[in-house]
Amino acid sequence: MKDKQFWIVLSGLIVAFLIFWFAGQPMFNEDRVVMFITIVAISATLLYNIRMAKRGETFYLRPIPGLKAIEEAVGRSTEMGKPVLYVPGIMDMDQVETVAGVIVLGHVARMTARYETSLNVPVSRSIVMKAAREVCRESYMMEGRPDMFNDDMVHYLTDDQFAYAAGVNGIMIREKPAACLYMGKFYAESLILAETGNSIGAIQIAGTASQAQIPFFVTACDYTLIGEEFFAASAYLSQKPELIGGIRGQDMVKVAVISVIILATLLRFIYETWGVGFDAIKLLTVQ
Amino acid sequence: MSMTVILGAWIAVFLTFGIFSYLYKDNPFYKTAEHLFVGISAGYWASIFFWTQIQPNLFGRLWPSSEFSAESLWYKIYNGLSFLSTSVFPPGGIDKGHDMHLSYLIPFALGIMMLLSLIPKLNWFARWGIAYTVGMAAGLRAYGYLNSNVLGQIKGTAASFTDPNMPFFSLTSVSTFNSLVILVGTITGLLYFYFSKEHKGVLGKASKVGIYFLMISFGASFGFAVMGRISLLIGRFVDLIKYSAGDYNNATLWVLMIMLIILGYDAFKSRKTPPVNEEAV
């Protein structure tokens with residue numbers, strides 16, 4: 001109850017909704033009430049934690065080795081005088097992994113600007129190219145090195161999956177980057193890229209939520225950010241309170257999901273054995 | 001067999017061996033195959049996007065032939081565009097089975113804004129298109145993800161343990177043991193991704209079980225994908241064997257032999273030339 005303003009607004013909204021509900025809930029799809037409650041509960045949890053973080057409450061974040069290694073990788077490239085290769089996946093900006101990959105690119109670009117290391121970002125989608133350029137330009141400006149930025153550091157290869165893989169492989173074996181970072185959504189090209197990076201002796205860090213590709217990155221890369229670790233990367237790298245608050249909020253949502261799983265299993269067992277209570281599975285089904 | 005089919009087979013064999021030659025080292029054959037692949041695919045996809053998306057779905061909804069009227073100002077603009085290209089803007093409107101939807105002017109405008117990035121002073125317009133894409137996707141996918149990845153996952157994990165017909169153990173069908181594995185795996189897997197508490201004590205042990213579950217599933221997925229890759233390789237070899245026949249003028253054998261000779265000569269020559277010490281330079 002630390003954030004009184006939040007609880008007053010939330011209580012007000014709940015009372016308003018109850019009045020609306022008992023007034024006959026016009027234009028409300030009752031079949032989706034579970035989804036409505038889920039969205040409201042998750043949004044409220046995230047907002048509360050973000051507000052708490054902004055107010056100065058500190059949250060602990062357990063260390064993730066792959067994220068610590070990003071700065072080491074950029075430092076290694078600087079020492080060796082070789083570029084950093086950043087691959088933001090092969091999908092467009094409508095994929096959450098690509099968005100996360102472009103955000104992490106911003107942090108990597110700040111590091112390369114700080115260390116005066118060259119950065120190479122081949123992309124496979126035009127909108128990603130535009131977004132990645134904007135992010136890199138901003139990072140170089142924030143580090144006070146706009147002179148080091150040039151549009152060509154983010155360049156388009158092709159939309160085709162394997163042609164893109166062939167193109168990135170060509171860049172790898174000719175430029176021999178000291179660090180290869182793969183952050184985004186990947187498909188079958190993941191192993192081709194990671195194996196080539198491994199063959200040139202680059203330090204490799206991958207981050208993706210593509211379940212089928214994580215095994216390949218785990219096998220061929222030095223560090224792999226698995227699923228949620230990848231999405232949390234931005235908060236870790238920026239240390240911005242609002243992002244760390246978001247991570248804390250997501251953790252609370254995970255605890256809530258675990259609780260609901262256990263509760264639903266128990267309720268289902270009681271309902272099916274003794275016919276007491278209600279069918280929890282039916283309740284969770286959204287039409 | 002026609003000359004074009006034979007020529008196609010020779011090109012396919014050359015490009016296949018060109019890509020395979022990368023296993024030796026970077027060489028002109030690989031470079032040729034790579035640059036052809038990248039260049040042609042970039043042009044191919046640009047053409048495909050235009051003729052399957054922009055022309056029929058965007059222009060086809062803005063100027064459909066079903067509502068063509070030579071008197072209206074809207075179609076007068078269209079007639080003006082027809083002077084640019086009659087294949088893109090055919091006379092009488094575009095017949096792709098769509099009705100007129102002027103709401104498609106929004107994506108049209110966003111597309112124009114993306115193109116404005118070619119003019120440095122108007123570069124910032126492109127951000128609107130990016131902002132729209134990211135914002136739209138976030139909102140659109142949030143509902144689907146919540147339904148499938150949260151509620152669907154909870155329903156799938158909260159399995160039944162009371163079904164008298166369900167065996168305790170089965171590798172191929174639903175069983176009590178499998179339901180228990182899913183329950184424990186999901187909960188411990190979720191705990192592994194708990195970031196705001198140190199993984200010590202009970203949480204540490206549970207998250208360790210979670211990472212074991214994750215690694216076992218990754219291993220299974222890896223094996224499954226490798227099997228798929230092997231079948232792709234077999235498919236390529238089947239084609240190479242087919243093209244080695246006399247019908248194709250023994251394309252596979254000739255291309256392989258010529259490549260081996262050239263690469264062998266290159267290897268012999270580079271062995272004689274002492275490598276340049278880059279660090280000394």
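Author: Two residues are taken to be in contact if their C-beta atoms, placed from the backbone, lie within 7 Å. The model is a predicted one. By that criterion, four residues of domain 1 of chain A are in contact with four residues of domain 2 of chain A. On the side of domain 1 of chain A that touches domain 2 of chain A, three residues are nonpolar, one is polar and none is charged. The domain assignment places 4-57 and 242-284 of chain A in domain 1, and 65-238 in domain 2. Taken over C-alpha atoms, the centres of domain 1 of chain A and domain 2 of chain A are 37 Å apart.

Between the chains, 56 residues of chain A are in contact with 45 residues of chain B. Among the elements of chain A that give two or more residues to this side are α2 (33-54), α4 (96-115) and α10 (241-274). The largest share, 14 residues, comes from α10(A). The side of chain A that touches chain B comprises 33 nonpolar, 10 polar and 13 charged residues.

Within chain B, helix α4 (residues 105-115) packs against helix α5 (residues 126-157) at an angle of about 130°, their axes lying 7 Å apart. α4(B) is therefore oblique to α5(B). The crossing of α4(B) past α5(B) is left-handed. L110(B), M113(B) and M114(B) of α4(B) make the contact with A126(B), W128(B), G129(B) and Y132(B) of α5(B). By class, this contact has six nonpolar residues, one polar residue and no charged residues.

Methods: Residues are numbered from 1 along each chain as its sequence is written. Chains are lettered from A and ligands numbered from 1 in the order in which they are written. This is a predicted model: local features need pLDDT of at least 70, side-chain atom pairs count only at pLDDT 80 or more; totals for chains, interfaces and linings use all residues. Domain bounds come from an automatic or database domain assignment. Ala, Val, Leu, Ile, Met, Phe, Trp, Tyr, Cys and Pro count as nonpolar, Asp, Glu, Lys and Arg as charged, and the others, Gly among them, as polar. Axes are lines fitted to C-alpha atoms, for helices over the stretch in contact, and angles run from 0 to 180 degrees between N-to-C directions. Helices (H or I, at least four residues) and strands (E, at least two) are DSSP runs, numbered from the N terminus. Angles under 35 degrees count as roughly parallel, over 145 as roughly antiparallel, 65 to 115 as roughly perpendicular and the rest as oblique. A crossing is left-handed if the near helix is turned anticlockwise from the far one by less than a right angle, and right-handed if clockwise.
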